[in-house]
Amino acid sequence: MTTSASVPTGSESAIAAGGTVTDRLVEANARYADAFTDPGMDARPVLRVAVVACMDARLDLHAALGLELGDCHTIRNAGGVVTDDVIRSLTISQRKLGTRSVVLIHHTGCGLESLTEDFRNELEAEVGQRPAWAVESFRDVDQDVRQSMQRVRTSPFVPHTDDVRGFVFDVKTGLLREVDPAS
């Protein structure tokens, strides 16, 4: 497996010379744009699927699921949990852009398993304002996947809920394990 951390990019000199990681990304984009050709796609995913997953950097969703550019909508956040904003994105994805299936992917070793809602108290003490959002931490990844599936299935805004499936990605093996929603 290759990761960006193990591949020299030639941009390290920009960072060492006082540049930032963002400078490195902008330089990479310039190289990308030089070879870019418009693929002529529209915003509707070819496979009519939306994937909701954790933002963990170890998850290369396109590679893990055999997806190509244009195949799916990808919605990512800490934990891959179904929040109001995820429901908003799924609603737009289905009602305006034609998706019909929802795949939820959590993973082993998630950082949210070690956080608690006390994190919000710590933030309030540090910055003087309590976050309006919940941490959405969990102890049981399978149960959290079930909760996320239930949130999608019961949302009045998401019309297509007959193909909502949840999985746990094993960060050591790369395999998905399906979570039974009824367990």
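Is Arg88 buried, exposed or partly exposed, and what is its relative accessible area? Arg88 is partly exposed, at 47%; the terms here are buried for under 20% relative accessible area, exposed for over 50%, and partly exposed in between (1.4 Å probe, protein chains only).

A quick note before the views. This is a predicted model, in which local features need pLDDT of at least 70 and side-chain atom pairs count only at pLDDT 80 or more, while totals for chains, interfaces and linings use all residues. Residues are numbered from 1 along each chain as its sequence is written, and side-chain values use heavy atoms, with hydrogens and water left out.

**View A. Arg88 and Asp85 meet in a salt bridge.** Their N and O atoms sit 2.9 Å apart, and a salt bridge here means a side-chain nitrogen of Lys or Arg within 4 Å of a carboxyl oxygen of Asp or Glu. Both residues belong to helix 4, three residues apart, or about one turn of the helix. An α-helix has 3.6 residues a turn, so residues three or four places apart point the same way. Asp85 is partly exposed too, at 42% relative accessibility.

View B. Helix 4 covers residues 84-97; helices (H or I, at least four residues) and strands (E, at least two) are DSSP runs, numbered from the N terminus. Its 14 residues reach 19 Å from first C-alpha to last, close to the 20 Å expected at 1.5 Å a residue, where the expected span is 1.5 Å times one less than the number of residues. Val86, Ile87, Leu90, Thr91, Ser93 and Gln94 are buried. Seen down the axis of helix 4, the buried residues fall within an arc of 165°, so they line one face; the arc is that of the directions from the helix axis to the C-beta atoms. On the face turned away from that buried side are the exposed residues Asp84 and Lys96. Just past helix 4, Gly98 takes a positive phi of about 85°.

**View C. Leu90 sits in the largest nonpolar core.** A nonpolar core is a set of buried Ala, Val, Leu, Ile, Met, Phe, Trp, Tyr and Cys residues joined through side-chain atoms within 4.5 Å. Leaving aside residues up to four places away in sequence, Leu90 touches Ala50, Val52, Ile75, Val102, Val152 and Val158 (contact means heavy atoms within 4.5 Å). A second, separate core of eleven residues includes Leu59, Cys72, Val103 and Phe169.

View D. Glu178 and Arg165 meet at 2.7 Å, N to O. That pair links distant parts of the chain, with Glu178 in strand 5 (residues 176-179) and Arg165 in strand 4 (residues 164-169), 13 residues apart. Arg58 bridges to Asp56, with the closest N and O atoms 2.8 Å apart. Here Asp56 is buried at 16% relative accessibility, whereas Arg58 is partly exposed at 44%.

**View E. Tyr32 and Phe36 form a tilted aromatic pair.** Rings of Phe, Tyr and Trp (its six-membered ring) pair if their centres lie within 6.5 Å; planes under 30 degrees apart count as stacked, over 60 as edge-to-face and the rest as tilted. By this rule the count is one aromatic pair, at 5.5 Å centre to centre with 45° between the planes. Tyr32 is exposed at 51% relative accessibility, and Phe36 is partly exposed at 42%.
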